[in-house]
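Please look at the sequence and the structure before reading on.

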Amino acid sequence: MEVGVKVSIFHKIMLYAVLLVIATVGISTYMAVETETAVLTNKLILLGKRTAKDIAFAAEKAFSSSNWVFVEELLTESVWRERGEVICSRIVKPDGTIFMANDKSFYGDTVDLSFLAEQSTVLPDYFFPEQKEYGTLLVRSVAIDNEQWYVMVGLSSKPIKATIRRLILHDVISGSFAVLLGAVVSFLLAQSICKPIIGLTKAAKIISDGNLEHRVVANRKDEVGELARTFNDMAVKLRESYAHLEEKVEELATEKELLSITLGGMSEGIIAVDINKRIILFNIVAENLTGWKSAEVEGKAVDKVFRIVDEKTKEFIESPIDEVLQSGKTERGTEYDTLISRKGTECPIAVSAAPIRKSEGAVVGVVMVFRDVSHEREVDRLKIDFTSSVSHELRTPLTSIKAYTATILRDPNMPEETRRQFLAIIDEESNRLAALIEDLLEVSRIEPGAAKMRRETVDVAAVIEKVLLNLTPLAQKKNIQLRKDIGDELPTLQADEGKIESVVMNLVNNAIKFTPEHGHVAICVEVTDGEMVIRVSDTGMGIPKEALSKIFDRFYRVDRPGKQIQGTGLGLSIVNKIVTMHNGRIEVESEMDQGTTFTVFLPLTVKFMPEVPSAKEACTK
Ligand code: ADP
């Protein structure tokens with residue numbers, strides 16, 4: 001690049017200057033040659049005329065005196081007189097016979113005089129065979145012996161040509177010197193112009209490479225010096241602007257860092273777009289929820305990355321970003337918004353979007369905040385299920401209590417036996433109601449902060465015995481065999497007896513409930529590694545794999561189409577809570593239509609989990 005500029009301007013100046021000198025030398029040479037040729041030709045013609053005149057005059061005199069010696073000498077001498085310009089001279093009779101000539105060998109020869117018809121005395125380019133050259137023939141008439149004789153003088157152009165050649169040679173030599181001089185002068189001129197330009201180009205390159213301190217020498221007083229000074233001023237201003245810019249960039253980087261830390265730490269997904277809906281910000285939660293990486297989506301149209309469908313209809317919904325761009329106000333999504341991720345998976349979300357405005361108020365983009373609400377939606381669903389389940393559970397025994405009570409009241413004469421049967425049913429249903437309410441109470445009792453644990457020495461074998469006694473009628477109804485396998489010397493447990501009983505009761509009750517008729521339910525207890533292990537297994541319907549992680553959630557019940565098994569979805573959550581409070585754990589293994597085994601591990605010397613402090617206590621700590 002640098003070389004290109006240098007070569008171009010430098011050579012152009014040189015070339016133009018040299019061409020100018022050559023043209024000047026050429027034109028002046030041409031003009032000199034023309035002028036010199038004209039002058040020399042005129043001189044030659046004059047010489048020829050003078051010679052012809054002298055010969056004619058001498059011939060006239062010689063005729064009258066009959067003495068031709070002088071004429072003969074004059075003819076000879078004329079050829080030798082003027083540097084070879086006169087190459088022949090002769091006196092010709094009217095019939096063309098050469099009467100006398102500078103060379104006597106031509107005496108008596110004949111000249112064709114037909115050319116005289118042209119009436120010209122000067123004939124250019126006349127060939128003189130005896131001289132073997134071209135020249136000019138000059139003819140003058142002279143009256144001799146009452147006749148018109150002719151004096152012919154042949155003039156050579158050789159001397160003129162030689163002079164012109166010399167002239168050209170001189171001009172070429174001096175022209176060459178002029179060209180050489182012109183080249184030297186133009187070289188110096190080109191250098192004086194190009195050098196500062198090359199210097200400025202180099203300086204500009206150094207500055208563009210980042211060295212803003214670089215300056216050029218600016219001591220010349222001419223326009224080039226002015227240019228160099230302006231260049232240096234520009235470099236100073238550039239350095240100042242750059243320093244200012246660097247400060248701003250640093251400030252912006254810090255702000256960006258802060259913003260990205262803040263956004264990264266947020267639990268919501270955040271996507272910001274410009275007015276053309278191109279993504280300008282995408283935080284880590286947005287990455288996790290959509291499955292796209294921030295680097296992949298920056299500058300991409302948001303509709304290609306973030307798509308919402310209605311949870312129920314599965315139809316695409318207009319994104320809140322479009323609504324904000326139309327209304328200019330903050331917009332919220334619907335309660336059925338579901339995000340479709342990059343892989344096509346669905347995730348229920350709560351989404352809202354707000355306009356980003358410039359200081360003068362114009363909308364320049366939209367920021368959208370969204371979060372995963374699958375847990376809330378699940379809880380909502382479970383609550384609805386729970387409410388309907390509890391209502392159903394409460395209504396069934398209540399309906400039958402109401403019906404039997406009304407029948408008894410309506411018929412005072414009812415046989416005693418029938419009344420007793422009805423009262424027994426009322427009693428049984430009341431017990432079911434009481435059990436359900438007890439479950440609900442148990443749930444509220446073991447809520448954090450409300451749990452009151454008692455530390456007692458518990459004989460687990462006795463507890464199991466009691467539970468089995470209570471549940472035997474239920475098992476017998478379904479012809480289910482209850483088995484127990486308890487070691488003889490089972491150590492006691494430091495625990496809350498009532499709650500341990502609740503654990504065993506729930507597990508065995510569930511085992512009987514979810515095992516078809518003629519099945520088996522077994523409970524075994526053993527001690528391993530300082531832990532008491534209580535295992536309740538059945539040959540029942542099993543639990544689907546996908547439900548295993550959820551069965552300990554409150555209100556969760558496995559959906560079993562076509563099977564009406566009553567329950568509240570509270571039992572296992574109560575069991576899990578109690579086991580955790582005793583610093584133990586519970587595991588489940590299940591095979592569909594094969595059976596299920598729940599295993600509870602309890603430390604023999606239980607350190608109760610510290611009670612969760614109340615909100616007030618937590619705040620004051
Ligand atoms: P429920 O009142 O429905 O019994 P639980 O919390 O006790 O509520 O149990 C939750 C779910 O776990 C039940 O709906 C049931 O489908 C499943 N479950 C619990 N124990 C067993 C078992 N022994 N066999 C098969 N399924 C079980």
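Thr338 has Pro348 in β12 as its bridge partner. The model is a predicted one, in which local features need pLDDT of at least 70 and side-chain atom pairs count only at pLDDT 80 or more, while totals for chains, interfaces and linings use all residues. Residues are numbered from 1 along each chain as its sequence is written, and side-chain values use heavy atoms, with hydrogens and water left out.

Thr338 lies in strand β11; strands (E, at least two residues) and helices (H or I, at least four) are DSSP runs, numbered from the N terminus. Thr338 counts as buried because its relative accessibility is 2%, where buried means under 20% relative accessible area, exposed over 50%, and partly exposed in between (1.4 Å probe, protein chains only). Leaving aside residues up to four places away in sequence, Thr338 touches Arg307, Ile308, Val309, Glu311, Glu346, Cys347, Pro348, Ile349 and Arg377; contact means heavy atoms within 4.5 Å.

Strand β12 pairs with β10, β11 and β13, as the table sets out. Two strands pair if DSSP finds at least two bridges between them.

| Strand | Partner | Sense | Bridges |
|---|---|---|---|
| β10 (residues 331-332) | β12 (residues 346-357) | antiparallel | 2 bridges |
| β11 (residues 337-340) | β12 | antiparallel | 3 bridges |
| β12 | β13 (residues 363-372) | antiparallel | 9 bridges |

Glu331 has Ala353 in β12 as its bridge partner, and Pro355 stands opposite Val366 in β13. β11 and β12 form a hairpin with 5 residues between them, and Gly344 in that turn has a positive phi of about 95°. The hairpin of β12 and β13 has 5 residues between the strands, with Gly361 at a positive phi near 100°.

**The antiparallel sheet**

An open sheet of 5 strands runs in the order β2-β1-β5-β4-β3, and its pairing is antiparallel. Its edge strands, each pairing on one side only, are β2 (98-101) and β3 (122-128). From one strand to the next, the twist averages 30°; angles run from 0 to 180 degrees between N-to-C directions, and axes are lines fitted to C-alpha atoms, for helices over the stretch in contact. β3 is joined to strand β4 (residues 133-144) by 5 bridges in the antiparallel sense. Within that pair, Val122 has Leu138 in β4 as its bridge partner.

Another open sheet has 5 strands in the order β15-β17-β18-β20-β19, with mixed pairing. Here β15 (481-486) and β19 (585-591) are the edge strands, each pairing on one side only. The twist averages 10° from one strand to the next. β15 pairs with strand β17 (residues 520-528) in the parallel sense over 6 bridges, and Asp485 stands opposite Cys524 in β17. Helix α10 packs on this sheet and touches β15, β17 and β18 (531-538), its direction making about 175° with that of β15.

**Helix contacts of α11**

The axes of α10 (residues 460-477) and α11 (residues 497-513) come within 10 Å and cross at roughly 30°. α10 is therefore roughly parallel to α11, since angles under 35 degrees count as roughly parallel, over 145 as roughly antiparallel, 65 to 115 as roughly perpendicular and the rest as oblique. The crossing of α10 with α11 is right-handed; a crossing is right-handed if the near helix is turned clockwise from the far one by less than a right angle, and left-handed if anticlockwise. Residues of α10 in the contact include Val463, Val467 and Leu471, and those of α11 include Ile500, Val504 and Val508. By class, the contact of α10 with α11 comprises 12 nonpolar, 2 polar and 3 charged residues. Ala, Val, Leu, Ile, Met, Phe, Trp, Tyr, Cys and Pro count as nonpolar, Asp, Glu, Lys and Arg as charged, and the others, Gly among them, as polar.

α11 also packs with helix α12 (residues 571-581), at an angle of about 145° and with the axes 9 Å apart. α11 passes α12 in a left-handed crossing. Lys499, Ser502, Val503, Asn506, Leu507 and Asn510 of α11 meet Gly571, Leu572, Ile574, Val575, Ile578 and Val579 of α12. The residues of the contact of α11 with α12 divide into 7 nonpolar, 4 polar and 1 charged.

**Arg165**

Arg165 belongs to helix α3 (residues 158-208) and is exposed, with a relative accessible area of 56%. Arg165 and Val33 are 132 residues apart in sequence, and their C-alpha atoms are 8.9 Å apart in space.
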